[in-house]
Amino acid sequence: MDRFLLVLRAFQLTLPRAAAGWLFAILTSNFNRISIYELGITAVVITSLLGLYHFLSPFGVVLGRLADRVPLFGMHRTPYVLIGMLLSAAAVAVLPYIVVPMSQAPDELFGLTIPYITYIAAFLVLVLFGIGFAMAGANHLALVAEVIPERSRGLVTALIWTMLIIGMIASLQFIRGYMPTYDEQTMRSLYLLSIPVVGVTTLLGLLGVEKRRKPGDVMPNGGKLEAEEHSSLKDFTIDVITNRTVRNFFCFIFLFMFGYSLQDNILEVFGADVLGMTVGETGRFQQIWGSGAIVGMFLMGALVFRGGISKISAITFGISGIGLSMFALAYGAYMAEATIVNYSLVAMGFCNGFALVGTLTTMMEFTTDNERGAYIGLWGFAIAFASGLASMAGGQMVTSLIESGLFAASDGFAIIFTVEGFVSLYSLYFLWQINAENFHKRISKDGLSNAMAADLG
């Protein structure tokens, strides 16, 4: 592929993830805070709704296989990516019309049934968001594999992953300026912008990338699914259960992601409840974290290209830093000190960049030739399941400790962040139990590239 065309394609393919960054910014930095703090909806309800999409990731496999077999307008990927992103954007756009009635008393809505109907509607809308997101994600990754040469695929996927964070940071900056304080009408217009922003950005990232195929044309891989000799599902399950290394690594991934993700949907509520910040001010939290993560990832990449770093050292450093950052965040919550909170978020994001790259690299290597897809699916399941449960658990802790009146907000959040730190550090116990070949060796350039190409972060 011509170098200029490759650069153009690489840039284009980052744009759908930038659009995803807008959706993440809306949901995890704005919608969660407004719903819980301004509208007074029970935290566990909102965080459970926001955790739904993690559990819908298996739809990506189903809809990816559908796209393999059923082209739309002569293309196997582009329409599915665009439809999926627009479905997710439309779901976000209607949320203000649902969440406000959720917060109102039954007699204000002409009967007892209306508020409960809105709860059901919110559930269905966020299920649609998850299905659309899974459809777009699976087919976007497949499109990358089909149009980017293998030698460049890892680097391009790393850029795509980074663009997700950059898109989120840029979106948060716009959202802060557009709605510095909560206003229902402004919220509706902001969320409605999701459709044109996501639609146009995604379309620009897809135009001209995939060639239209005529009936009878073969797929880029020859029209055949890659065949591997798989054992039965029963044999694979038995192998996973009886393999101590696999069990330890699964527990490590699960606890690492669970501990780290507990704060995802409650951080902005903490900023409002404890620090008295406005919607615009709490929107900076994700920007601070994201900036630290990008720096950590790039520094990790630089270390790899200057000679490498062992996997266990990278992960241990990253997770130890995350744990200490959580304890610092807990202290900042207890003291209600914004400066401590900001510094701890920078450190947490930076250390996560190290831990994430090391973990992704290890996931790619903890497979077998005959069961690579199954093992990668297993690690992906651990991440999705942990993130979804963490979203629910974070809200439940806020409801049980703070909304119940058991603790003051500063004390309650300090307890929550302390628990997160201990869970993250405890994941290292399972990491250190792993005694697999090559685990203590340095991460190679190829290993880093392959890890990013997995796109499991």
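**Figure 1. The largest nonpolar core.** Of the 130 residues in the largest nonpolar core, those touching the most other members are F31, F129, F252, I253, F270 and F413. Helix 1 (residues 3-38) gives the most to this core, with 14 residues. A nonpolar core is a set of buried Ala, Val, Leu, Ile, Met, Phe, Trp, Tyr and Cys residues joined through side-chain atoms within 4.5 Å; buried denotes under 20% relative accessible area, exposed over 50%, and partly exposed the range in between (1.4 Å probe, protein chains only). Helices (H or I, at least four residues) and strands (E, at least two) are DSSP runs numbered from the N terminus. The model is predicted: local features need pLDDT of at least 70 and side-chain atom pairs count only at pLDDT 80 or more, while totals for chains, interfaces and linings use all residues. Residues are numbered from 1 along each chain as its sequence is written, and side-chain values use heavy atoms, with hydrogens and water left out.

**Figure 2. Overall composition of the protein.** The secondary structure comprises 18 helices and zero strands. Of the 457 residues, 55% are buried. Among contacts (heavy atoms within 4.5 Å) between residues at least 6 apart in sequence, 84% join residues at least 24 apart. The protein exposes about 19,900 Å², of which carbon and sulfur atoms supply 65%; accessible areas come from the Shrake-Rupley method with a 1.4 Å probe, and for residues only the protein chains shown count as cover.

**Figure 3. Helix 11 and F270.** Helix 11 (residues 267-275) is largely enclosed by the rest of the structure, because eight of its nine residues are buried. These are L267, E268, V269, F270, G271, A272, V274 and L275. Not counting residues up to four places away in sequence, F270 touches L275, A333, V341, F413 and F417. G276, which follows helix 11, has a positive phi, near 65°.

**Figure 4. Surroundings of S427.** S427 belongs to helix 17 (residues 409-432) and, at 0% relative accessibility, counts as buried. Leaving aside neighbours within four places in sequence, S427 is in contact with F252, L255, F256 and I319. Its C-alpha atom is separated by 7.5 Å from that of I253, 174 residues apart along the chain.

**Figure 5. A nonpolar surface patch.** V200, L203, L204 and L207 form a nonpolar patch on the surface, with about 360 Å² of accessible area together. Such a patch consists of residues with over 30% relative accessible area and no salt bridge, with nonpolar side chains (Val, Leu, Ile, Met, Phe, Trp, Tyr) joined within 5 Å; a salt bridge is a side-chain nitrogen of Lys or Arg within 4 Å of a carboxyl oxygen of Asp or Glu. L204 is found in helix 8 (residues 194-204) and is partly exposed, at 48% relative accessibility.

Conventions:
Patch = residues over 30% accessible without salt bridge, like charges linked within 9 Å, V, L, I, M, F, W, Y side chains within 5 Å.
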